[in-house]
Amino acid sequence: MLSLKKVNAWYGRAHVLQGVDLDVREGEVVSIIGRNGAGKTSILRAIMGLMPRCEGQIDFCGVDMLTRQTHERFRHGLGYVPEERRIVPGLTVAENIELGLIAPSASKPDKARVDEILEMFPRLRERWRQPGTTMSGGEQQMLAIARALVSGPKLLMLDEPSEGIMPRLVDEMFELFRTISARGVTILLVEQNVGRALSISQRAYIVDQGHVVFDDSAANLLANREIQDRYCSV
C-alpha cells in the first residue's frame, strides 16, 4: 500500500531523514518508534507532503506521491492526525468533524459516515455542540482522530496520540485503534509508549538520527529488551 524508498528530507540545512526505507501493507498496523528527535514525526510529514524539502520515492496505492500537494495526498486516502491535533478554534465538535467530509473519495453519504464515527466516539456525540477547543486533551485527541476517519482514509497516520493524556483515556484510545484496524483501516503509528504501540502492531520500525536502524515483527521487538534499551530509552 505504502512504500518509501531512499527518502531524504531537510529542515533548512538540517538533514533530518537520511535514506529512509519503509513499507506498510494493506490491513496492517505498523509502528515507528524511537527516541524524541529521532525523525519519527518527520517521516509522517514527508509522507503527507509537509516537509520543506524531500527527495526519494513515496508511493501510495500505486501512485507517486512525492510531487503531489498535501491536499492531493489527502484526496488519495491519506489521513493524518498530527501531534498538536489542530482543533480549529471557534468551531464546535460537529463543525470540526464536518471538515473531514470534503474528501471526494469517501464511499458513503455524509450522514452515514458521521453516524458511523459517532458510534465509535460516543463522548463526541455528548459534546456535539460544544466548542472543540474547550474539551479535555484526551477528548480533543479523539476529535482529531474522528475528523480524520470521517474522510474515509485508506491509511490513517497517528503522531503520538497518547501524549499528555490520562492513563484511563489511553487505554480507551488503544482499544479504539484495534477497532479501527478491525474495520479495515490501515494504521501507521508514531508512539513514545513502546509497549502500547507494539501490542497492537504487526510490525515496527526503529528510527535513530534520521535512519531506520531496525525493523522486525512487533512481537519480536516487544521481546527484545536490548534493542528497546539501545534505541528507545530516554
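Glu 126 counts as exposed, at 62% relative accessibility; buried means under 20% relative accessible area, exposed over 50%, and partly exposed in between, with a 1.4 Å probe and protein chains only. This is a predicted model, in which local features need pLDDT of at least 70, side-chain atom pairs count only at pLDDT 80 or more, and totals for chains, interfaces and linings use all residues. Residues are numbered from 1 along each chain as its sequence is written, and side-chain values use heavy atoms, with hydrogens and water left out.

I'll stay with Glu 126. Its salt bridge partner is Arg 127, and the closest N and O atoms are 3.5 Å apart. By salt bridge I mean a side-chain nitrogen of Lys or Arg within 4 Å of a carboxyl oxygen of Asp or Glu. Arg 127 is partly exposed, at 23%. Both residues belong to a network of salt bridges that links Arg 123, Glu 126, Arg 127, Glu 139 and Glu 172. By this rule the count comes to 14 salt bridges.

Next, Arg 196 and Asp 171. Their side chains meet in a salt bridge, 2.4 Å from N to O. Arg 196 is in helix H8 (residues 194–200) and Asp 171 in helix H7 (residues 167–182), so the pair ties together parts 25 residues apart in sequence. Helices (H or I, at least four residues) and strands (E, at least two) are DSSP runs, numbered from the N terminus. Arg 196 is partly exposed at 28%, and Asp 171 is partly exposed at 37%.

One more pair: Glu 55 bridges to Arg 53, with the closest N and O atoms 3.2 Å apart. Glu 55 is partly exposed at 37%, as is Arg 53 at 41%.

Now the strands. In E6 (residues 78–81), Leu 78 and Tyr 80 point one way and Gly 79 and Val 81 the other, and all are buried. E6 runs parallel to E7 (residues 155–159), and 4 bridges join them; two strands pair if DSSP finds at least two bridges between them.

Last, Val 190, in strand E8 (residues 186–190). Is Val 190 buried or exposed? Val 190 is buried, with a relative accessible area of 0%. Leaving aside neighbours within four places in sequence, Val 190 is in contact (heavy atoms within 4.5 Å) with Ile 32, Lys 40, Leu 44, Leu 158, Asp 159, Glu 160 and Pro 161. Val 190 and Pro 122 are 68 residues apart in sequence and 25 Å apart in space, C-alpha to C-alpha.
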